[in-house]
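Me: I'd like to go through this one label by label and hear what backs each of them. Can we start once it's on screen?

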Amino acid sequence: MKRAVRHAAKPDARHAAAPGRALAPAPISSALGTGQIIAAAAALVIAGAVLIAYQLLDMRHSLIDGAKVQAAIVADSVTAPLMFRDRDAARDALHAFRYAPGLRAVGVYDNDGNLFAEFSYPDSRLPARRPPDGATPEGVITVTDTVRHRDTTLGHTVLHTSTAKLRAVLLRYVGLLTVASLLAMLVVAVLGRKTRARMAAAERKLDYMAHTDHVTRLPNRHATYARLAADLERARTQGQRLALLLVDLDNFKLVNDTAGHAVGDELLQHVADALTGAVRASDLVGRIGGDEFAIIAGPVPDRAAALALAAGVTQALQAPFRLRQGEFFATASVGFCLYPDDAGTMGELMSSADTALYHAKHAGRNRLAEFVPAMTAATQRRAALERELRRAIEQDRLSVHYQPQFNCADGALVGVEALLRWNHPEHGPVSPAEFIPIAEDSGLIVHLGRWVLRRACDQVAAWQRAGAPTLTVAVNMSARQLREPGFIDDVTRALADSGLAPGRLELELTESVLMEDVDGAIAFMQAARALGVRLAIDDFGTGYSSLAYLQCFPINQLKIDRSFVQLLPRRGETIVHAILALARGFGLAVVAEGVEEQAQLDWLRAAGCDIAQGFLLGKPVPPDAFAERYLDRRTGLAGFHRKPDSSSGAAPPGA
Ligand code: C2E
Ligand code: MG
Ligand code: MG
């Protein structure tokens, strides 16, 4: 694939601009290079200096020792000439030392300190008077000795030995050491360079891996957040506007589950390309989660321009992506938020964009939601409701209402749908449409669903035992429950404990619940059918309405969504006719939901719909009211009589 090759060769330009790199400390490899060489040079200089100093002392010591021996020999050889004041003999004796190595001058002074005899080179003449002890001319070593004859001091010898040879040897030594040091440094530099190059390459790779998402080659979560922090800081100092978009793919999990992870990865790469193509080169697209992307667009001149850019992003995901395995859709919900208009800090910006994204999702997905302050209030209400819902569960403030379902052909009461109710002590009744999604998101639905299931089974079994006609009880199920491994056991236990026949329980699942995890849904449905429990698709027609799943899901019944029923009888006939034909083809029963008008009921009955449910026939009511309304008091608990719903005033079908 072209993209993979391009990215594999080199981190792309988007990533090169990623802030993680800009904010990272200086690489160790560069610090190592100069540091290493300076340390090696310093070590060599110190070692060299110590060696040279030692060598100097050693050679000087040897030179002095040699000169002392010579001075002693001189003293012996001039004893007689000095005693007899024979200058010529003394000069001859001194002249014999002319080959002594390094000797510059040798002389004898008498006891009066006068020079008695000397041998010296022209530039090294001895003074006429004996110099005080310790006085040494430049460039020589002076050694003295006493001339004695049987404890009588006759005079003194003075010997000057040149240090020139010492200096020459020392210079050679320093030269040698310098050459050796330079060679050593060269080796260190060459080796160091290679090590540095290798380390720098390893560092670059590590840095790339730490900041890049390996599937899309986009900056990862860490790099995206770092860039956002840097861009926000710049926008703040330069007084610019910056837009943050959170993009969440709507049905990515479905693609992963149905087509496999390889296809999912390929789709993500296409999405990454599409998003990158939809923004400016200076903007950043990062992958911050499995199917979540963030886009940082800045600077933007005004809100309108930022929104136009965001609309372009949403638009870029409208067309299907052509993958090797076929065409796939990857529409997204997009949350939009602008700095500094909507948020002042990074935390606020993220949270506002997240709130907007949440609203985009709950408004039906595949759309862009712009952050407005009212959203925060809605989110806060949601958080409060979640807290209160937990309390309501603990304090047993929830109840189940029952809505009747009638046979269209003869008007007989055939079933009930159990619907959860929450009567809030302050806000009054809270709609399930509001609290069920909260319960789903927070996981409370698992507990709630189990509770509704037991309550509904117990209730209908009790009515049944009291002599009511055979009823089917429909219980709604959420996606979260479907994923709960113990849910089938809950169903088995609810049936066993209540004594309700399995065929009298119907579980309602929505299309989106089924499509979230197709394999899991099929496994669950097969287990439920094996128990003898019935299955229905709720709100049919509002989700995927895929013909394929009608074939592979073992369902018994379709519930036509209220939105279609409400268009009847003048509009919507084509869709409802089609659904009825489809259901008939697959051998499924059909329930029409939300029947509010007699004309709708008449049309449905004429079209061959099996069951009707709606306000026209009966609203959801508490169990007592249900029994009161549909139970025949004259015959005890013998049967139901079908009173019209007092609120609608209409009679049930066939009544
Ligand atoms: P649903 O399963 O499609 O339930 C039917 C909804 O339509 C109920 O709303 C019912 O009161 C309403 N309805 C019935 N007939 C009519 C009519 O003629 N006109 C109008 N306008 N509405 C009608 P409700 O009780 O507010 O429940 C809303 C949704 O909340 C349910 O839709 C269901 O998806 C969910 N829900 C309710 N109880 C539970 C539960 O125990 N568990 C789960 N998972 N979801 C539940
Ligand atoms: Mg339902
Ligand atoms: Mg429904």
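Me: What makes Val 565, Gln 566, Leu 568, Gly 594 and Val 595 count as touching Gln 600?

Reply: Each of them has heavy atoms within 4.5 Å of it, and residues up to four places away in sequence are not counted. Bear in mind that this is a predicted model.

Me: Why is Gln 600 called buried?

Reply: The cut-off is under 20% relative accessible area, and Gln 600 comes out at 1%, so buried is the word for Gln 600. For orientation, Gln 600 is in helix H23, residues 598-607.

Me: What makes the pair of Gln 600 and Glu 597 a polar contact?

Reply: A polar atom of the Gln 600 side chain is 3.0 Å from the backbone nitrogen of Glu 597.

Me: On to the metal. How do you know which residues coordinate the magnesium ion (ligand 3)?

Reply: Donor atoms have to be within 2.8 Å of the metal. Here Asp 538 (OD), Asp 539 (OD) and Glu 593, with two OE entries, are at 2.0 to 2.4 Å, so they qualify as donors. Along the chain, their spacing reads D-D-x53-E.

Me: Why say that Asp 538 and Glu 593 tie together parts apart in sequence?

Reply: Asp 538 belongs to strand E17 (residues 534-540), while Glu 593 is in the loop between strand E19 (589-592) and H23, so the pair links parts 55 residues apart in sequence. Both Asp 538 and Glu 593 are buried. Asp 538 also bridges ligand 3 and the magnesium ion (ligand 2), with 4.0 Å between the two ions.

Me: Now the open sheet with the order E6-E7-E5-E10-E11. Why are E6 and E11 called its edges?

Reply: Strand E6 (284-287) and strand E11 (368-370) each have a single partner strand, so one side of each lacks a neighbour in the sheet. From one strand to the next, the twist averages 20°.

Me: What makes E6 and strand E7 (residues 292-300) a pair?

Reply: Pairing takes at least two bridges; E6 and E7 have 4, in the antiparallel sense, so they pass.

Me: Last one: how do you know that the span of helix H12 (residues 346-362) is close to the expected one?

Reply: H12 has 17 residues and reaches 24 Å from its first C-alpha to its last, against an expected 24 Å at 1.5 Å a residue. Just after H12, Gly 364 has a positive phi of about 115°.

How values were computed
Residues are numbered from 1 along each chain as its sequence is written. Chains are lettered from A and ligands numbered from 1 in the order in which they are written. This is a predicted model: local features need pLDDT of at least 70, side-chain atom pairs count only at pLDDT 80 or more; totals for chains, interfaces and linings use all residues. Side-chain values use heavy atoms; hydrogens and water are left out. Helices (H or I, at least four residues) and strands (E, at least two) are DSSP runs, numbered from the N terminus. Axes are lines fitted to C-alpha atoms, for helices over the stretch in contact, and angles run from 0 to 180 degrees between N-to-C directions. Buried means under 20% relative accessible area, exposed over 50%, partly exposed in between (1.4 Å probe, protein chains only). A polar contact is a pair of N or O atoms within 3.5 Å; within protein, one must be able to donate a hydrogen and the other to accept it, and residues adjacent in sequence count only if both atoms are side-chain atoms. Donors are N, O and S atoms within 2.8 Å of the metal (3.2 Å for Na, K and Ca); water is not among the atoms, so sites may look incomplete. The expected span of a helix is 1.5 Å times one less than its number of residues.
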